[in-house]
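Student: Could you walk me through this model? I have not looked at it before.

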Amino acid sequence: MSYSKLPAPSPEQGLSRYMQEIRKFPMLEPEQEYMLAKAWVDHEDKESAHQLVTSHLRLAAKIAMGYRGYGLPTAEVVSEANVGLMQAVKRFDPEKGFRLATYAMWWIRASIQEYILRSWSLVKMGTTAAQKKLFFNLRKAKTKIGALEEGDLRPENVARIATELNVTEQEVISMNRRLSGGDASLNAQIKTDGEGAAEWQDWLEDEDADQASDYAEHDELVSRRALMEAAMADLNDRERHVLEERRLRDDPKTLEELSQVYDVSRERIRQIEVRAFEKLQKAMTVMAREQGMLPAA
């Protein structure tokens, strides 16, 4: 399986032509995917592996587009996504019972994130695990609360994000300013191979149905829910109740409401919530690795 045999995005070629090229590769039915994967696992059939990779290039590109905004060339991010896809195919076990797209999503994201971490200097990004978590989750957190267009975040939004990501408010302010300084404008013009001017925001979503990514997203959601339900068993009754009331309800209860239920301070409830969420994440990660859904540490 050679990376050189894959179509590759480049500034000269343009993303539009690349997207057109990868749409030519057919999607695989479950039976086809299984037989190709078996051929690779049992006989190291390179042509089978190549078909598995090319049929999922659209999935890799879609995930790569989700990492825009870090000030890095999109073509390079897509290329790194393809590297992760190839690693997933090499390690994929069809006997586990889930689709390649679900497994590959983990490897694609890991490859992209490693590339971003290598590309951003340690001075810009920070070195602690909490700072790395903040680096990759700040934009998502801002989108969730409708603060993506803000320059400096409002104090209430800073506090909310700091609590959700378990970092200090100063770390949120600092990382937001660093990322905002490196973000590329979504209205910046890009070359589209003579097809007229286009903007980066034109690439945010593909209007065409994408069977691989749609299936993967649904399958991942089902898998995550099953993992979460199993991992909840690692929490004690109070931790489980606080986590459910604070994070799993459509209308979450406030710290004040729960502090009255348990006759403790709001800060104590916040600590219980954070600890329960960390325990849940750890348990889910262990289970995902045991089931082969997540690359080994």
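Student: What does the protein chain average in pLDDT?

Tutor: The average is 77, and 73% of the residues score at least 70, where pLDDT is the predictor's confidence in each residue, from 0 to 100. Over residues 182–212 the pLDDT is below 50, although this stretch has 51 contacts in the model beyond near neighbours in sequence, a contact being heavy atoms within 4.5 Å. Where pLDDT is low, the predicted coordinates should not be read in detail.

Student: Anything I should know about how the values were made?

Tutor: This is a predicted model, in which local features need pLDDT of at least 70 and side-chain atom pairs count only at pLDDT 80 or more, while totals for chains, interfaces and linings use all residues. Residues are numbered from 1 along each chain as its sequence is written, and side-chain values use heavy atoms, with hydrogens and water left out.

Student: OK, which residues touch the most other members of the largest nonpolar core?

Tutor: They are Tyr67, Leu85, Ile108, Ile112, Ile116, Ile161 and Val172, out of 56 residues in that core. Such a core is a set of buried (under 20% relative accessible area, 1.4 Å probe, protein chains only) Ala, Val, Leu, Ile, Met, Phe, Trp, Tyr and Cys residues joined through side-chain atoms within 4.5 Å. Its largest share, ten residues, comes from helix H6 (residues 100–119), helices being DSSP runs of H or I, at least four residues, numbered from the N terminus.

Student: And what does Ile112 touch?

Tutor: Leaving aside residues up to four places away in sequence, Ile112 touches Ile63, Ala64, Tyr67, Val77, Glu80 and Ala81.

Definitions and conventions. Buried < 20%, exposed > 50% of the residue type's maximum accessible area, 1.4 Å probe, protein only. Helix = DSSP H or I, 4+ residues; strand = E, 2+ residues; numbered from the N terminus.
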